[in-house]
Amino acid sequence: MKIGVIKAYMLKEFKDLIRSRMIFLVYIMPTLILVMFGYGIKLEVKHSRLIILDHDKSELSYTLINRFEHSKYFNTKVLDITENEALRMIKAAKADIILIIPQSFEKRIFHKDKTEIGAFIDGAFPLRAMTMQSYVQGVVYSMIRDLMERYHIRIKKIEINYRNLFNQSLRDENAIVPGLIGLVLLVAPAILAALLIVKEKEKGTIFNFYSSPVKKSDFLIAKLTPVFLLHSVNIFILLLWALYLFKVPFRGEFWIYWLTSEIYILISLSIGLLVSIVTNRQIVAVILTVIITVIPGFLYSGILMPISSMSKEAYIEAHLFPVMYYNHIIYDTFLIGQGFEAQKNLLYLLILIFYAALLFIIGSALLKKELK
Amino acid sequence: MDLIVNRVSVYYGDKVGIKDACVEAKKEEIIGFIGADGAGKSSLMFAIAGVKRFKGEIIYENYAYHSPKEAEKIKDKLGFMPQGIGLVLYPDLTVDEHLDFFSDIRELKRDEEYWRYRQRLLKMAGLAEFTDRLAKNLSGGMKQKLSLICTLIHRPKLLLLDEPTTGVDPISRQELWEILDENRKKEKSISLVSTAYMSEASKMDRLYLFDDQEIIASGTEKELIDMARDYTYEETECEEGCITFNKRTYSLRPLNAKKAEPTLESLFFVNALKKNKIPPPIQIEPREQKIEIPPIVMEARGLTKRFGDFVADDHIDMVLRRREIVGLLGANGAGKTTFIKMLLGLYPIDEGELYLLGKKISSPEDRQELKSKIGYMSQLFALYKDLTIYENLVYFAKMHGLGMEKALHRIEKLSKGLGFDKYINEFPKDVPLGIKQRFSLAAAILHEPVVLFLDEPTSGVDTVARAQFWKLLHQLKEKWDISILITTHYMSEAEYCDRVVVLKRGRKIADDTPQNLLKRFPNAKSFEEVFLELYKESE
């Protein structure tokens, strides 16, 4: 290892990053992704417009209406219109849900007859519809449970929403922002690392490396260290945004977050290195990096859907990408705080280290000091 | 011998870069590689520089290497400057920072001797006053000189320079050669230099001629010229198996004519004859539609183009007459392409007046009806690479609004006349550059224009194809009364033009017939030297 050579290359790299204003990209892009996605993704639905047609007008039906009216998830209106008119309101996007309480609803329940409540939900956005459906179910179930308890009827089945176990306040930010850090720290360092190498290939300055005695290892260290250092700062910036802008709780230990994130950046760098080996154009490098990092970083990371509820193929895919392991530890440090007392977290950290080492070794083995 | 290249071949996938090349060189020698683009010069340089895998053996100072990996050992003695202006420079670093960087990666000691040498290099390159300037703000010539001194800073013993002078202005070119000459004397290094300019051959000790991925001949300039002596005659009528160009006729069979003094270019013609690669003859038919052409086809008065603070073309006056071939000459960045783009309306004109076919152009509508009378061939041959040549031509004919019947008829006639009919169903990438150039021209003249703008059509094309192309332009002029404005950075092509206009950094420095220019500088032996004088005069 020749320190002088590495220093010269790194100095050039920093000057280039600053003078070409790429440095802005390094610090603006991660924050931008975090802020935009953090505010943009809303999984829960608040204030959905609910219209209730009460054909019963009994005490029980008033109790039910009352429960909906007291929930922050619904803006409830009780209207005296026909079903067709109500349906038309959904079509005109003036309502999201219609709930129809049939005649003799109360009477049938106390006679232990079968009865039905009609719920019509705007299904234009399936995810939103499903969420609204589960809210309606929740309100109805909880009322029935109370009824059963009061009148001593046996309870057959209770449904619990597991997803919100560690997010009791049901805040979207808590569920999404830590996952976004996992996305950003996978995408941004990879793009920068790929660009720093591919830029030289595209312009032709790579010949300075090819035709000089500079060692491959020195070149790699010189290229990747600036990316590592610059993005290490982002670990802190992103944490500050999460804590102070999105008010996500931090229940774990800081050093675990830091250490895991640094290892994770090494993985990202190595992905960038691999991309730089197969591409010769900057634009291709960027697109390729975005594709291979954003998709696993988003879909297979547990942000949108818990890994445990994925289909078998997706479940295996999720385990192949490093994102899942990182996110597991990060969610733990933010929301749970078990740290390495939980064996799983320690195991996942080891897996991350293994990933970093593997990708880096493959990348540096494939990098050739010659034209293809 | 200090450098022996023994049967080296380079492949790109299954495409051949160079085949079985053998080169030898001694210390202090400057060896020239001469040939067209794609002839194999760069591939051989890559192999010697150890940046590309190759077959065969290279021995430098008794150390033999067969792969880039083995070549690592000689890389501290190696200086390599690949082809392309400013290719190895970082646009956002200054001149000084470049020298620092190149010194650091070679781990040079900063002793007194180092600083003395560095200062001398800067002075030689004329960059001593610009050490704080960013590379992106340097002119093309300055970039090449900076690249050269960065390559020389560690005093390489084996210097590989791939077309360091192409497109560079004549004065910078001369300076580049002076630096090189001084370096080889002082450092006793081997220099391998490739060039696209035949006139630079006289600066080399020995030459290797490249054609079609092979070295076809080697020796001193005189030896090489002698090789062609037996086959070079004064221009004469000749039926078969010969090529006539530039007042000389080449034939392998004895001709009943006086022998003529060959040039280095002659050898390429002789080689084409030997390999039986005589380009198909050209026969241009007269125009289908007779039209009246005004005596002055194009007139520019004070045409100016600015890009921010940079003036690309500064008040340029020019006239193009009927039946006239005008060469627009200048180094890279002189403003040639910008000028043609203004004529075509591809760039808005910032200042000045333009008259095309007697009509003042002041709005895009004015141009619309003239489009059918103008033909244009762009620098990079604007062809669709996923269409065959035939499909390309049909497409261009349709764009000009030719009816299908007429279009097919003209395509057939032109493809035969221009001698590319046997390639017509191939894709552009599969045909030689010379053929590509011909059918690009066909695409530009399908609609029978009265004026033709050609942007660097001969750049990188081999000698024989270039010669044929000029013949073709002259036939077009005679049979069609067409006017042609053609840009080129080969100063030697001035002699094929009726008149030349020389641009230098956006300004016109000459506008005269080639004969008058030669008369003006009686000491100049060639057009290269005429332009060097012109450039010096305007400093």
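The structure is a predicted model.

In chain A, helix α7 (residues 172-203) meets helix α13 (residues 323-336), their axes coming within 9 Å and crossing at roughly 135 degrees. Angles over 145 degrees would count as roughly antiparallel and 65 to 115 as roughly perpendicular, so α7(A) and α13(A) end up oblique to each other. The handedness of the crossing is right-handed. On the α7(A) side, the residues in contact include A:Ile176, A:Pro178, A:Gly179, A:Ile181 and A:Leu185, while α13(A) brings in, among others, A:Tyr326, A:Ile330, A:Tyr331 and A:Phe334. Sorted by class, the contact comes out at twelve nonpolar and four polar residues, with no charged ones.

Over in chain B, six strands build an open sheet with mixed pairing, in the order β19-β20-β21-β16-β22-β23. The edges are taken by β19 (374-377) and β23 (507-512), each with a single partner strand, so one side of each has no neighbour in the sheet. On average, and ignoring direction, neighbouring strands are turned by 15 degrees against each other.

Helix α14(B) (residues 463-480) lies across β16, β19, β20 and β21, at about 140 degrees to β16(B). Helix α16(B) (residues 527-537) packs on the sheet too, touching β16, β22 and β23, and its direction makes about 45 degrees with that of β22(B).

Note on methods: Residues numbered from 1 in each chain as written. Chains lettered and ligands numbered in written order. Predicted model: local features only at pLDDT ≥ 70, side-chain atom pairs only at ≥ 80, totals over all residues. Heavy atoms only, no water. Axes fitted to C-alpha atoms, helices over the stretch in contact; angles between N-to-C directions. Helix = DSSP H or I, 4+ residues; strand = E, 2+ residues; numbered from the N terminus. Parallel < 35°, antiparallel > 145°, perpendicular 65-115°, else oblique. Left-handed = near helix turned anticlockwise from the far one by under 90°. Contact = heavy atoms within 4.5 Å. Nonpolar A, V, L, I, M, F, W, Y, C, P; charged D, E, K, R; others polar. Pairing = 2+ DSSP bridges.
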